[in-house]
Amino acid sequence: FKIYLSMLLEPSEDMAMQPAIHLLYRNDREEHDRLAIAWARMYAAAPGATHLFVRRIDVVGEGTGKEMVVAASTLGGNTVQVRTPTAATWKQVVDQVWSEHGFAA
């Protein structure tokens with residue numbers, strides 16, 4: 001148990017599965033944590049049958065005007081991009097895809 005806890009609390013560059021994420025963690029912890037929270041919010045509330053595959057999330061804007069730009073593809077191969085509040089849940093992102101692009105994710 002202690003080794004797993006240690007890996008979570010002090011990630012090792014030598015063991016990083018995603019080196020780019022580790023570099024962000026090491027060089028800009030605030031941005032890393034903000035993106036981690038955004039991903040956790042989206043996937044923690046994800047309904048099981050949405051079939052929307054997130055390809056990239058960028059946080060844009062400054063201060064209270066920050067938004068997420070979510071680029072995703074659907075099971076059918078359609079690609080979409082939506083701008084959504086940084087606090088949006090996965091269901092809100094899927095609903096936005098439906099309303100803006102006219103197809104279910």
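Tutor: The protein exposes about 7400 Å², and carbon and sulfur atoms supply 57% of that area. The model is predicted.

Student: How confident is the predictor in the protein, and where is confidence lowest and highest?

Tutor: The mean pLDDT is 77, and 73% of the residues score at least 70. Helix α1 (residues 2-9) has the lowest confidence, with a mean of 64, while β3 has the highest, at 87. Where pLDDT is low, the predicted coordinates should not be read in detail.

Student: What makes β1 and β2 a pair of strands?

Tutor: Pairing requires at least two bridges between the strands. Strand β1 (residues 52-60) and strand β2 (residues 67-74) have eight, in the antiparallel sense, so they count as paired.

Student: Why is T84 called buried?

Tutor: Buried means under 20% relative accessible area. T84 has 1%, and therefore T84 is buried. This residue is found in strand β3. Across the protein, 28% of the 105 residues count as buried.

Student: How do you know that the side chains of T84 and Q96 make a polar contact?

Tutor: The cut-off for such a pair of N or O atoms is within 3.5 Å. The contact between the side chains of T84 and Q96 is at 3.3 Å, so the distance meets the cut-off.

Student: Which residues is T84 in contact with, leaving aside neighbours within four places in sequence?

Tutor: They are E67, M68, V70, V93 and Q96. Seen from V93, with residues up to four places away not counted, the list is M42, L52, V70, V82, T84 and A88.

Student: Which residues of the largest nonpolar core touch the most other members?

Tutor: Of its 17 residues, these are M42, L52, M68, V70 and V93. At least two residues of this core come from each of α3 (29-44), β1, β2, β3 (79-85) and α4 (90-101). In soluble globular proteins, nonpolar side chains tend to be buried together.

Student: What share of the contacts between residues at least 6 apart in sequence joins residues at least 24 apart?

Tutor: That share is 29%.

Terms used. Residues numbered from 1 in each chain as written. Predicted model: local features only at pLDDT ≥ 70, side-chain atom pairs only at ≥ 80, totals over all residues. Heavy atoms only, no water. Helix = DSSP H or I, 4+ residues; strand = E, 2+ residues; numbered from the N terminus. Core = buried A, V, L, I, M, F, W, Y, C linked by side-chain atoms within 4.5 Å. Buried < 20%, exposed > 50% of the residue type's maximum accessible area, 1.4 Å probe, protein only. Contact = heavy atoms within 4.5 Å. Areas by Shrake-Rupley, 256 points an atom, 1.4 Å probe, with all protein chains shown as cover. pLDDT = per-residue confidence, 0-100. Polar contact = N/O pair within 3.5 Å; in protein donor to acceptor, adjacent residues only side chain to side chain.
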